[in-house]
Amino acid sequence: MKAIYNIFTFHFSLFIIYALLPSLAVAQHITFESAEEYRSLGVYDTWEQSPFRTGVLKGSNYVKLMANPDMEEKEAPGVATNTSEMALALQRSRYGSNTFGARIDLKEPFSLGTSKKYVHVLVNKPADENANVMLIGLGKRHDWEEQAPETEQFWVTASLSAQGQWNDLVFPITTNESVDIHSFVIVPDLASPHLRTTDFIAFIDDIEVTDSPKPRYQIINYPLNFDTNQTPTRSDRALTKLTFTSTGESSKDVTVPTATIYNNLTEQATVFAKAGGSVTVKMTYKGGWMSGYAYVDWNNDGQFTPIIEANKPSSGSELVSYTYLSGYNSKGVAQTNGNSVVNGTITCPAFTIPEGTQPGIYRMRLKIDWDCADAGGNNTPGNLLTANGGAIADVLLNVHDDEVRISANQLNGDVLTPEDAALSDAPIPFRQPVTVKMVPAPDFTYTGIVITHGYNLDGPEYVRDNRQYKRVTIPAASFNKTTHEYTIPASYIDGEVRIEGLFTPGETFVH
Amino acid sequence: MMALLAFGTASRGQIYEETLPNPDNEPAPVHPVPSHRQLLWQETEFYAFFHFGMNTFTNAEWGNGSEAESKFAPTKVPNPRQWLEAVKAAGMKGGIAVVKHHDGFCLWPTATTTHSIVNAGNQNGRDTNIPRDFSEAARDLGMKYGFYVSPWDLNSQYWGDGTSNYVNKVFLPQCLELAKYGSDQFEMWFDGATGGDHAGYYGGANTTRTIPDASTYYDIPNLRDTVHAIAPNCVIWGVGDEARWIGNEAGWAGGTNWSMGWGESGNESEWKWRAGESDAKATNKGWFWHSGESPKSANELFKIYLETVGRNATLILNFPPNQSGELPQADVTVLQQLGTMIQQRLGTDLTATASSISTSATRTAGANRTFDAGNLTDGDKDTYWATNDGDHTATINVEWAETQTLHYVMLMEYIRLGQRIRKFSIETSLDGVTWKKCATTTTTVGYKRIVPLNNSTSTYGGVDARYLRISIEDSRSCPTLHTLAVY
């Protein structure tokens, strides 16, 4: 090993190599209650011309330990409670770049080894500051003695779930096993500040590195007021089927299992609708004296927030339809009582997908309950959803345009239309099959294609536990052996469509 | 420079009050912005790719690592100077030479493996040292240079064996060996191929191997840091995350092409500057030389040029040396033709003879800097035209004393302050009253945008006009342009 490492020392005096050190396994938990928890505080900016790097502005003026601005116990979903006395305040300078952040130098560096870790951070920004937050790791290889410990090792982003309050963010991190992390940088505003005229303060607290991806304090997405696996308490009442009717779509039935009161059907059931169109939900229900409720998480914050005014949902309400609530249905029509079951069916009034709703995936919840706007189920003693034979099922709502975009990226060949045209964000009709053709480069052949379809294809696969897109591999055997064409089923054309051709060296066919 | 300071109250808005003076009234950057090395890289614009190696002698595109070193037996000592002279005739500013492909055969005397030219099949092979000869030739010719080194190594027993041995014993030392061939390298090219179902030799294991995550496995952050320490202006392509693959190998970029994001069009909202590079083959067979191959025509290559360099991407155009270690004469000829065509079509800037160039808005001058329309045509990339903050639309008007035949409009943003323009249009007129919209949808500009006024990158055709009007219709902030040219 020594002979090989001599290559470094002989040619490059900058990096003197010495024997591999064992990985450091130091617990990292910084609460900012004691200066003993970290080595130093400052700012960092990846922009090489940043005035904080050139020395024009002094970063130490922009960080300060301050009293926690919000110590209240929170019960609202999506909001973290932070009762600690002190927090780190960072003034987001408009002269820093989109990666300007607070730098926390660790008391002791640590190594991840070969495992993935999770950095948990509490962040609190003003209500109108909703840009993503980034975690940057600064460090070095522990076997390169003279390497500066400020090499950027990872950049990970997270989005806020609660504006103007504490957010419990989780950043998954990995590095090469030879790397030690020496500092964290928390970037509170991953956006260009060029239109800013003032600064703002972001608060950062309770940084902890763990093996768990779960938020520590924040209430979970789409909460229930009972255990997820709760079994029915009554055999005379059960939700067995949902039927959705959307403008321009054929009716869609979704069978609801009855083994548990709550069913997450988001992987199996997606309802399609266009902005401006209407949706009607019918619930097939064994039993009586119950009402139906439909929710849509329009802002994708992991919660269903009802806004009821003048006895009906107002603009922005995520309780979109119901048969009975405080004497009225969601059309504002007075109801004699909450017994909404007619011939074994509860029919919720049609609701409209608001004009301007962005194409994308939204969580939709259907609930059978008694006079209750809470999407988690009636939690009033004496009228518990679990005791009344209620039920909850979640599905996905795909709000779409008439056309979607298809593109193809690959090495060593092309995926084209049958007419040899490139698939370059070309518009195609929604939910209509599309035929593509494989054209390998000379001396290459193909083994298939990978189709990614849905929304936010460059982002995480799941947002708020809602699948944004799917990825499916189509083997070469599925292609026509003469034309080398394959027709992508209509069901895959459900949002953006991105194709990756799989080409490998081999005999090229003549096309 | 002194900052104006005053202590503020610890409110929700400020810990500290500070205003950064701006005596030159320069627009605020729109982030992200390119690093200095990314700017230099982008200015290379058009350069060559030279795939040469074991595959040249085995008629393969991907070897499997088991090829005997003796198969590498060029009929002459390879001549990188001939390669570079040929592509320079086409107007290319540099080149990247493959020095190790996936088969692991190294075209320099590496200390990391015996699978190299040291054990080549003849003296010409043993005298080969592509990094040495390529870098020396490039410096002599005043051209930029860099190397392609495949991270995936089908010959190495260590690759994908579940340990760090390959990275620590082979890959990082190889990269550092290559870095010693010059601190003035402009790009290091790391192919993204990582195994999958392609079986390899792997030191005799003869199996298929994969790795979980290329960036972590190859320790890209620290490789990047190391290369930069030695070659500070060397952009790390691909997994290095300083320049992106344009998303196809057919030689085109998107009509909309942001320098952030991924693929052919990029993404305005992405946080990181990652401009696109288009890799394309100039010949009709593989990336490596194959018997019977021929180059594309100069006209086909000019179309590729317009659809890459003319759409805010760089173009790396592949010309494979043959078994004598030289570019075939047919390639040399078409390169000369391409150079002539580029010079004829894009060599004479008609703004030099314009009777006036004016703009609808001009940013207020600072103490040492102006933002006038004259900056557009002064040949200085460090001066630029801009509007005042808040003015996100503007028009640029060019007028000639007599009718001209106009073919192309070329625009270059001052990307040091970020890519800004979202949409623009181009119109021409014979009388200054009746206007004809020339280009179809024209969106981003970026480092360079060349718009054919006949709407075709395939055919050469002009528009007669005395007046030209460029309307910037949408911009992320006040637009900045450092060059306007009309051909």
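The legends below accompany close-up views of a predicted model.

**View 1. The largest nonpolar core and the parts of chain B that build it.** This core has 128 residues, and those with the most contacts inside it include Ala48(B), Val87(B), Ala97(B) and Val99(B), together with Phe147(B), Cys175(B) and Met188(B). Helix H6 of chain B, which spans residues 165-179, contributes the largest share of the core, namely nine residues. Domain 1 (36-346) and domain 2 (350-486) of chain B each provide at least three residues to this core. A second, separate core has 53 residues, among them Leu88(A), Tyr95(A) and Ala162(A) from chain A and Trp271(B) from chain B.

**View 2. The surroundings of Ala48(B).** When neighbours within four places in sequence are left aside, the residues in contact with Ala48(B) are Val87(B), Met92(B) and Gly95(B), along with Ile316(B), Leu317(B) and Phe319(B). Both Ala48(B) and Val87(B) are listed with the residues that have the most contacts inside the largest nonpolar core.

**View 3. The contact between chain A and chain B.** Chain B brings 52 residues to this contact, and chain A brings 57 residues. On the side of chain B that touches chain A, the elements giving two or more residues are strand S2 (16-19), H6 and helix H8 (220-230) of chain B, and H8(B) gives the most, with six residues. Sorted by class, the residues on this side of chain B comprise 22 nonpolar, 17 polar and 13 charged.

**View 4. Strand S17 of chain A, residues 291-296, and the strands that pair with it.** Six of the six residues of this strand are buried, and both of its faces are covered, with Ser291(A), Tyr293(A) and Tyr295(A) on one side and Gly292(A), Ala294(A) and Val296(A) on the other. Six bridges join S17(A) to strand S23 (residues 360-369) of chain A in the antiparallel sense, and within S23(A) it is Met364(A) that forms the bridge partner of Val296(A). S17(A) also runs antiparallel to strand S20 (residues 319-322) of chain A, with three bridges between them, and here Tyr322(A) of S20(A) stands opposite Tyr293(A).

**View 5. Domain 2 and domain 3 of chain A where they touch.** Chain A is divided into domain 1 (2-210), domain 2 (238-400) and domain 3 (403-505). The centres of domain 2 and domain 3 of chain A, taken over C-alpha atoms, are separated by 35 Å, and their contact takes 11 residues from domain 2 and 10 residues from domain 3. On the side of domain 2 that touches domain 3, S23 and strand S24 (391-400) of chain A each supply at least two residues, and the residues of this side are three nonpolar, six polar and two charged.

Key
Residues numbered from 1 in each chain as written. Chains lettered and ligands numbered in written order. Predicted model: local features only at pLDDT ≥ 70, side-chain atom pairs only at ≥ 80, totals over all residues. Core = buried A, V, L, I, M, F, W, Y, C linked by C-beta atoms within 7 Å. Buried ≥ 20, exposed ≤ 12 C-beta atoms within 10 Å, placed from the backbone. Helix = DSSP H or I, 4+ residues; strand = E, 2+ residues; numbered from the N terminus. Domains from an automatic or database assignment. Contact = placed C-beta atoms within 7 Å. Nonpolar A, V, L, I, M, F, W, Y, C, P; charged D, E, K, R; others polar. Pairing = 2+ DSSP bridges.
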